[in-house]
Amino acid sequence: MAAQARARGPEEKLYRVALREALAEEMERDDSVFLIGEDIGKFGGAYRVTDGLLDRFGAQRVVDAPIAEEVIVGTAIGAAMLGLRPVVEMMTINFSLVAYDQIVNNAAKIHYMFGGRSKVPMVIRMPGGAGHQLSAQHSHSLEVLYGLIPGLLVVAPTTPEDAKGMLKSAIRTDNPVMFLESMSLYNVKGIVPDGDYTIPIGKAAVRRQGGDVTVVGVSRMAVLANEAAKQLEEEDVDVEVIDLRSIRPIDWPPIVESVRKTGRCVVVEEGWATYGITAEIAAGVQERCFDYLDAPVRRMGGAQVPMPYSLPLEKASIPTSESIKSLVREVVGRRADA
């Protein structure tokens, strides 16, 4: 039976299952890895990522914490400084704001403040994003708040393969990692390689080759950009799609190489665009590719409002593949009915 399982090779798995496998394999590999968060034990996590891990590893390594985000993160920071490798689960990125002081003033700075003699090897997993009618306190994309902080690594894997490989890399690094998971991706399926593998932090992925325009997407927006690119093929528009994957640091070489080839760039994020990740990418492209640009860099983000509960309003508040297509048409000088 085991031989038959091995013969099947890599399988399609849900994003949430890929994350669970990464956690389980790292806990098996390294006794210093433990999990802490609200309802991650018996309940299996708000999005079932930690389902079954309490039975497998016990309550000392899968720690159900009270609703006290600042205490959870502070506990994890102390444990990391003493040699453990905690993985924190926040119920939503919005709740991480309660622990923002611990993350920004302690986790991000301790290595520098102690002259490199202390380190904080911890991961904070945070679901985010809209589309599930969870309203304004549970649905935002606040990654830019962490992307601007030196001392933090900030990543947002898009595929199940990346989710597993990047989480394993995050757990093994000696630096604090903010690990952002779009709630809309938990039920996405994709091929996940067999065995132990890692995907390095700080690397973008070129999801699609093209020659007319470069679209840089963040997290789920990279998925929508890919959908838009496939549909634009019928209009003879050749789109190159880059999945940013790492928000801090930004992997500039593939972005620069792509924009110098296409001469046009569109950047898409789900969060508010003002002061957002798209602003940072657009400014960086202008600095690095100005002489190669045939059109201004354009960017798209969520509506500048607290996320509505109303389903139609929520849908109208975030980019879609249709809105990305419209913006790409503008950048390449095409009309929808052309």
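Let's start with the aromatic rings: Y15, Y47 and Y186 are linked by ring pairs into a cluster. Keep in mind that this is a predicted model. The structure holds 3 aromatic pairs. One of them is Y47 with Y186, a stacked pair whose centres lie 5.1 Å apart, with 25° between the planes. What I like here is how the chain comes together. Y47 sits in the loop between strand 2 (33–37) and helix 3 (53–57), while Y186 sits in the loop between strand 7 (177–182) and strand 8 (189–192), so the pair links distant parts of the chain, 139 residues apart. Both Y47 and Y186 are buried.

Now, please turn to S246, which you'll find in strand 12 (residues 246–248). Is S246 buried or exposed? S246 counts as buried because its relative accessible area is 0%, and the cut-off for buried is under 20%. Its side chain reaches the backbone oxygen of P249 at 2.5 Å. If we leave aside neighbours within four places in sequence, S246 is in contact with V154, V155, G202 and K203.

Last stop, a pair of helices. How do helix 10 and helix 11 pack? Helix 10 (residues 252–262) and helix 11 (residues 277–289) meet at an angle of about 60°, and their axes are 10 Å apart. The crossing of helix 10 past helix 11 is right-handed. On the helix 10 side, the contact is made by W252, I255, V256, V259 and R260; facing them from helix 11 are E280, I281, G284, V285, R288 and C289. Sorted by type, the residues of this contact are 7 nonpolar, 1 polar and 3 charged.

Technical notes
Residues are numbered from 1 along each chain as its sequence is written. This is a predicted model: local features need pLDDT of at least 70, side-chain atom pairs count only at pLDDT 80 or more; totals for chains, interfaces and linings use all residues. Side-chain values use heavy atoms; hydrogens and water are left out. Axes are lines fitted to C-alpha atoms, for helices over the stretch in contact, and angles run from 0 to 180 degrees between N-to-C directions. Helices (H or I, at least four residues) and strands (E, at least two) are DSSP runs, numbered from the N terminus. A crossing is left-handed if the near helix is turned anticlockwise from the far one by less than a right angle, and right-handed if clockwise. Contact means heavy atoms within 4.5 Å. Ala, Val, Leu, Ile, Met, Phe, Trp, Tyr, Cys and Pro count as nonpolar, Asp, Glu, Lys and Arg as charged, and the others, Gly among them, as polar. Buried means under 20% relative accessible area, exposed over 50%, partly exposed in between (1.4 Å probe, protein chains only). A polar contact is a pair of N or O atoms within 3.5 Å; within protein, one must be able to donate a hydrogen and the other to accept it, and residues adjacent in sequence count only if both atoms are side-chain atoms. Rings of Phe, Tyr and Trp (its six-membered ring) pair if their centres lie within 6.5 Å; planes under 30 degrees apart count as stacked, over 60 as edge-to-face and the rest as tilted.
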